[in-house]
Amino acid sequence: MTVDPNAATQGFPPPPPAHRRPGAARYLVPALVAAAVAVGLGAYGKTHHPAGTAFNLAGFSSTSAVKSWLATTAFAFALVQLVSAFMVYGKLPGPSWAPTLHRWSGRVAFLVAVPVAVHCLYALGYQTYEPRVMWHSLLGCFFFGAFSAKMLLLRSERLPGWLLPLVGGLVFVVLTAIWLTSALWFFRTFGVTT
């Protein structure tokens with residue numbers, strides 16, 4: 001049997017489509033959402049008249065103590081996120097359930113951070129009366145914007161291998177700076193109190 005190289009190839013599957021690079025929208029949409037979230041939170045915090053308190057939990061001496069302990073809890077889970085991310089990416093040895101640990105520690109950190117943000121925005125607003133407070137306000141808004149971008153990027157396919165760790169690392173660094181300018185400052189100023 002001879003094969004005619006010029007014959008039509010109707011019986012063969014079509015060639016796979018050429019591998020396309022991700023479009024700019026894949027990166028632009030998360031960046032725009034991040035900016036909108038950060039600016040929206042900052043605008044709300046700046047225009048909202050601070051209420052002085054948003055919530056209090058029994059057993060704590062003040063809302064600042066509640067906020068500091070919740071922020072410390074969120075930071076502790078963020079540390080678990082960091083270590084488990086190194087396990088997931090093979091930079092540290094880890095158990096097979098490291099990805100599950102990474103996902104759940106992130107969820108808990110975020111859920112614990114939300115009441116802290118609500119208290120900051122509703123009770124205190126966006127303040128700039130001293131450098132520590134200004135940086136805390138700015139970084140708090142930036143954190144939730146960067147976190148929003150990270151969550152959107154998680155669902156994207158064919159991202160460069162460096163992008164998600166970079167954004168995740170940025171979220172961790174910003175959360176660390178927020179914790180340093182709030183909870184650690186509170187504990188150093190008023191003592192480790194409940």
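The model is predicted, with local features needing pLDDT of at least 70 and side-chain atom pairs pLDDT 80 or more, while totals for chains, interfaces and linings use all residues. Residues are numbered from 1 along each chain as its sequence is written, and side-chain values use heavy atoms, without hydrogens and water.

**View 1. Packing of helix α4 on helix α5.** Helix α4 (residues 131-154) and helix α5 (residues 163-190) have axes 9 Å apart, at an angle of about 150°. The two helices α4 and α5 are therefore roughly antiparallel. Their contact holds 17 nonpolar, 5 polar and 2 charged residues.

**View 2. Packing of helix α1 on helix α4.** The axes of α1 (residues 25-47) and α4 cross at roughly 155° and come within 7 Å. This makes α1 roughly antiparallel to α4. In the contact (heavy atoms within 4.5 Å), α1 contributes residues including P30, V33 and L41, and α4 residues including F142, F144 and L152. By class, the contact of α1 with α4 has 13 nonpolar, 3 polar and 1 charged residues.

**View 3. The salt bridge of R132 and E130.** A salt bridge is a side-chain nitrogen of Lys or Arg within 4 Å of a carboxyl oxygen of Asp or Glu. The whole structure contains 1 salt bridge. R132 and E130 form a salt bridge through their side chains, at 3.4 Å from N to O. R132 is partly exposed (relative accessible area 22%), and E130 is partly exposed at 32%. Partly exposed lies between buried, under 20% relative accessible area, and exposed, over 50% (1.4 Å probe, protein chains only).

Definitions and conventions: Axes are lines fitted to C-alpha atoms, for helices over the stretch in contact, and angles run from 0 to 180 degrees between N-to-C directions. Helices (H or I, at least four residues) and strands (E, at least two) are DSSP runs, numbered from the N terminus. Angles under 35 degrees count as roughly parallel, over 145 as roughly antiparallel, 65 to 115 as roughly perpendicular and the rest as oblique. Ala, Val, Leu, Ile, Met, Phe, Trp, Tyr, Cys and Pro count as nonpolar, Asp, Glu, Lys and Arg as charged, and the others, Gly among them, as polar.
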